[in-house]
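Please view the sequence and the model together while reading.

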Amino acid sequence: MNPRAQSWLSVLRFVMGFLFIQHGLEKVWGFAGGRIDRDFAQAHAWAGPIEVTGGILLMLGLFTRTTAFILCGEMAVAYFKSWAPRGFWPITNGGELAVLDCYVFLWLVFAGGGPWSLDALLSRRKKPSADFIAAGEPART
């Protein structure tokens, strides 16, 4: 991927995280007039904390692939539990946003966080220098 596309990947990741935090905040604290859902005996109540935590991690670009995998699964479950029973087509059952989120998160699983992420920063710090020889490794000549 060219550098410009890599930068836009980071922007997309950040925006998706920012939008997803709002969905979680409306469930956890009633943000923007949302309905608070604290019945943690039900699976849907866990959506808020997952969305807030996942959104923050996406915005930071930390554990991007793992976070995106979890959020992709959450959106797939949400679609099939809440929207699919209302009809086959997402445009008529109201689930197009869940489907779109699911596929964007699935793409992030494979694409990663991009160059403007904590994942990228940490991977740059972990790379050993060319002069470093690990213990027990034969010297290169």
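## Basis of the report

The model is a predicted one, in which local features need pLDDT of at least 70 and side-chain atom pairs count only at pLDDT 80 or more, while totals for chains, interfaces and linings use all residues. Residues are numbered from 1 along each chain as its sequence is written, and side-chain values use heavy atoms, with hydrogens and water left out.

## Overall architecture

The protein chain has six helices and zero strands, and its pattern along the sequence reads α-α-α-α-α-α. Helices (H or I, at least four residues) and strands (E, at least two) are DSSP runs, numbered from the N terminus.

Of the 141 residues in the protein chain, 32% are buried. Buried means under 20% relative accessible area, exposed means over 50%, and partly exposed lies in between (1.4 Å probe, protein chains only). Among the contacts with a separation of 6 or more, 61% join residues 24 or more positions apart; a contact means heavy atoms within 4.5 Å.

## The nonpolar core

A nonpolar core is a set of buried Ala, Val, Leu, Ile, Met, Phe, Trp, Tyr and Cys residues joined through side-chain atoms within 4.5 Å. The largest such core has 15 residues, and those that touch the most other members are Phe-20, Leu-58, Ala-68, Leu-71, Met-75, Phe-105 and Leu-108. Helices α1, α3 and α5 each supply at least two residues of this core, with the largest share, six residues, coming from α5.

Phe-105 is buried, at a relative accessible area of 0%. Leaving aside neighbours within four places in sequence, Phe-105 is in contact with Met-16, Phe-20, Leu-58, Ala-68, Leu-71, Cys-72 and Met-75.

## Aromatic pairs

Rings of Phe, Tyr and Trp (its six-membered ring) pair if their centres lie within 6.5 Å; planes under 30 degrees apart count as stacked, over 60 as edge-to-face and the rest as tilted. By this rule there are three aromatic pairs. One of them joins Phe-20 and Phe-105 edge-to-face, at 5.0 Å centre to centre and with 80° between the planes. Because Phe-20 lies in helix α1 (residues 3-28) and Phe-105 in helix α5 (residues 96-111), this pair ties together parts that are 85 residues apart in sequence. Phe-20 is buried, at 2% relative accessibility.

Tyr-79 and Phe-80 also form an edge-to-face pair, at 5.2 Å centre to centre and with 85° between the planes. Tyr-79 counts as buried at 9% relative accessibility, whereas Phe-80 is exposed at 59%.

## A salt bridge and its surroundings

Side chains of opposite charge can pair when their charged atoms come close. A salt bridge is defined as a side-chain nitrogen of Lys or Arg within 4 Å of a carboxyl oxygen of Asp or Glu. The whole structure holds one salt bridge, and its partners are Glu-51 and Lys-27 (2.8 Å, N to O). Since Glu-51 lies in helix α2 and Lys-27 in helix α1, the pair ties together parts that are 24 residues apart in sequence. Glu-51 is buried, with a relative accessible area of 3%, and Lys-27 is partly exposed at 23%.

Pro-49 belongs to helix α2 (residues 47-60) and is partly exposed, at 28% relative accessibility. The C-alpha atoms of Pro-49 and Lys-27 are separated by 8.2 Å, although the two residues are 22 residues apart along the chain. Not counting residues up to four places away in sequence, Pro-49 touches Val-28 and Phe-40.

## Surface and loops

Phe-40, Trp-46, Ile-50, Phe-69 and Ile-70 form a nonpolar surface patch with about 510 Å² of accessible area together. Patches are made of residues with over 30% relative accessible area and no salt bridge: like charges are joined within 9 Å, nonpolar side chains (Val, Leu, Ile, Met, Phe, Trp, Tyr) within 5 Å. Ile-70 is found in helix α3 (residues 64-83) and is partly exposed at 47% relative accessibility.

Ala-32, in the loop between α1 and α2, has a positive phi near 55° while not being a glycine, and is exposed at 68% relative accessibility. Phe-63, in the loop between α2 and α3, likewise has a positive phi, of about 55°, and is exposed with a relative accessible area of 52%.

Notes:
Accessible areas come from the Shrake-Rupley method with a 1.4 Å probe; for residues, only the protein chains shown count as cover.
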